[in-house]
Amino acid sequence: MQFLINPARVKRCMTILPVIFLASISLIQCGEKMMQSKSSLKYVKAELDKLAPVELKCDLGGISENDRQVLVRLVEAGRIIDQLFLRQVSVTNPELSDYLQTNLKPENAPYLELFNIMFGPWNRLDDDRPFINKKPKPAGAGFYPEDLTKEELDSFIKEHPDQKSALEGTFTVVKRQDQQLIGVPYHVEYADLVGALVNLLREAADLSKDPTLQKYLRLRADDLMTDEYFESDMAWMDLSGDLEVVIGPYEVYEDKLMGYKAAYEAFICVVDHAESAKLAIVSRYLNELEAALPLAPQYRNYSRGKISPVKVVQEVFSAGDTKAGIQTTAFNLPNDERVRTAKGSKKVMLKNIAQAKYEKCWIPIVNRILAKQPLQQVTFDAYFTHVLMHEVCHGLGPGVLKTADGRETTVSKELKDLYSTIEECKADVVGLFTNLYLIDKGIFLKESKYSTLASYLGGMFRSIRFGINEAHGGGVAIQFNYLIEKGAFFTDPKGKLDLNQTALESGLRDLAQELLLIEARGDYQAAEQMITKYRVMTPLMAKLVSQLADLPIDIRPSYPIAM
Ligand code: ZN
């Protein structure tokens, strides 16, 4: 079975057959074969097992009745975002979704469940492998004609330079029309859904008593009708009430053909005031923390300029791009450089998502690999505080550099392809180092020190599990191997991981010093040496990772408010 609906055939037949009828025929043919294949159902069930189901808890106790009403409208708006993104992934998705909802036998329900999680018939956890038919996912998703190649688009633009911005635009879909390629703005292509979305945002704005949210929602509604998002992105930076909402087209990862087109997504959240207060305290110590870094005074940096504000929230509902496959625990928006220059950007951390992942994915890992003493001391609070400090510490240490010959540059420009691995590693290590500093100072609870270290060790294998070639996993591999060499970690007679507190504290200081110096000098060679030496999958790491193969890799949340 090759494929669901041949686009060329659909195009030709459209004039004589209703789309749904056509789709149904193809789907039924495909569906019968699909359902006959038990191994396929087994595959689908195994993929679902990788995602632990969780009802996402969210404390709405502190918010006003008005805000509750606003949330109801916004969740409805989120459902429209889901539909928009489904269409962006593939133009045939809506028909396939309808077919699955009405025609599947109960025993085949897992197909629909995985389809809903992945927003289409391709498994995002397995390189977009198709699980409902054999048709590969088009690289350009539903943003371009399925048969369009990069070369054709580029050469068409060369011949029609006046079409460049329309075709390459972040908020247009590319279509064929009379032997030409045209760029159709999202608000035109998806006019029906965008219209409904805009109405809901305006209703929510009318219900809200928070002037910053009102302003954002009204401007966003206007901007969705024009696909110019600057004004509402600016307003988003100023949100200061109990609700934290972002809704619209943002990330371009779904467009694997060109990387131009933004996918619709939404985060509908309430602010976590307790964690925000913790962050506010930390922000008062930033200069003191910078001064405490194991770094020679001439390299210290007290003027990182606009450090992105960090906000901690609880997710009430998420929609579209961000919900497909793996769940987001933190995001940094907006992407518009004009807004970033004017106001910086905002990092939003989703605490209840982090907690759900901690309980469903993180705890099962530490249960298998940690020795008794550290295992008894791991806590979500210690884990999450380190996550927060990691984010804060992206803003500490060297940033802008001056070379010996007076040239102004940045750490990232000097470390090039190695920058993200070194910087993620630095944020982890300096994050823990400053976390311990605040514990020693009594700003954070003194008793939390051992559990902070135990939780740090426990968390390492969640990252390493996903591979060490990506920046986060690679950064953690460096830490693990460096610290094991210093005697900070060791295995007990049962093969479980344990820690030596004194060696760990001094090892962290040494590693922080080495990483900060690499950054301060923009030393590419030293970065390369460190990565070559320590970013390796040792036999011990491989053995530990192999014990985790059957554990869930992520969560699949359900949202009580949306039920
Ligand atoms: Zn980071």
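Biologist: Which residue lies over the face of Tyr43?
Modeller: Arg129 does, at 3.9 Å from the ring centre. A charge counts as over a ring if NZ of Lys or CZ of Arg is within 6 Å of the ring centre and within 35 degrees of the ring normal.

Biologist: And what about Tyr524, what lies over its face?
Modeller: Lys416, at 5.2 Å from the ring centre.

Biologist: What should I keep in mind about the model and the numbering?
Modeller: This is a predicted model, where local features need pLDDT of at least 70 and side-chain atom pairs count only at pLDDT 80 or more, while totals for chains, interfaces and linings use all residues. Residues are numbered from 1 along each chain as its sequence is written, and side-chain values use heavy atoms, with hydrogens and water left out.

Biologist: OK, on to the metal. Which protein atoms are donors of the zinc ion?
Modeller: NE2 of His390, NE2 of His394 and OE of Glu424, lying 2.1 to 2.2 Å from the zinc ion. Donors here are N, O and S atoms within 2.8 Å of the metal (3.2 Å for Na, K and Ca), and sites may look incomplete because water is not among the atoms.

Biologist: What spacing do the donors follow along the chain?
Modeller: The spacing is H-x3-H-x29-E. His394 sits in the loop between H18 and strand E11 (400-402), and Glu424 belongs to helix H20 (residues 419-440), so this pair ties together parts that are 30 residues apart in sequence. Helices (H or I, at least four residues) and strands (E, at least two) are DSSP runs, numbered from the N terminus.

Biologist: Is Glu424 buried or exposed?
Modeller: Buried, with a relative accessible area of 13%. The cut-offs are under 20% relative accessible area for buried, over 50% for exposed, and partly exposed in between (1.4 Å probe, protein chains only).

Biologist: Switching to aromatics, how many pairs does a search of the whole structure find?
Modeller: It finds 19 aromatic pairs. Take Phe380 and Phe384: their ring centres are 5.5 Å apart and the planes are at 20 degrees, so they are stacked. Rings of Phe, Tyr and Trp (its six-membered ring) pair if their centres lie within 6.5 Å; planes under 30 degrees apart are stacked, over 60 edge-to-face, and the rest tilted.

Biologist: Where do Phe380 and Phe384 sit?
Modeller: Both are in helix H18 (residues 380-393), four residues apart, which means about one helical turn separates them. Phe380 and Phe384 are buried.

Biologist: Which residues form an aromatic cluster?
Modeller: Phe171, Tyr186, Tyr190, Tyr229 and Tyr264 form one.

Biologist: How many salt bridges does the structure hold?
Modeller: There are 36, each a side-chain nitrogen of Lys or Arg within 4 Å of a carboxyl oxygen of Asp or Glu. One of them joins Arg124 and Glu254 (2.8 Å, N to O). Arg124 is in the loop between strands E2 (122-123) and E3 (129-130), and Glu254 in the loop between strands E6 (243-249) and E7 (264-271), so the pair ties together parts that are 130 residues apart in sequence.

Biologist: Which residues are in a network of salt bridges?
Modeller: Asp272, Glu275, Lys278 and Lys351. Within that group, the Lys351 and Glu275 side chains meet at 3.2 Å, N to O. Lys351 lies in helix H16 (residues 351-369) and Glu275 in helix H13 (residues 273-284), 76 residues apart. Lys351 is buried at 13% relative accessible area, and Glu275 is buried at 5%.
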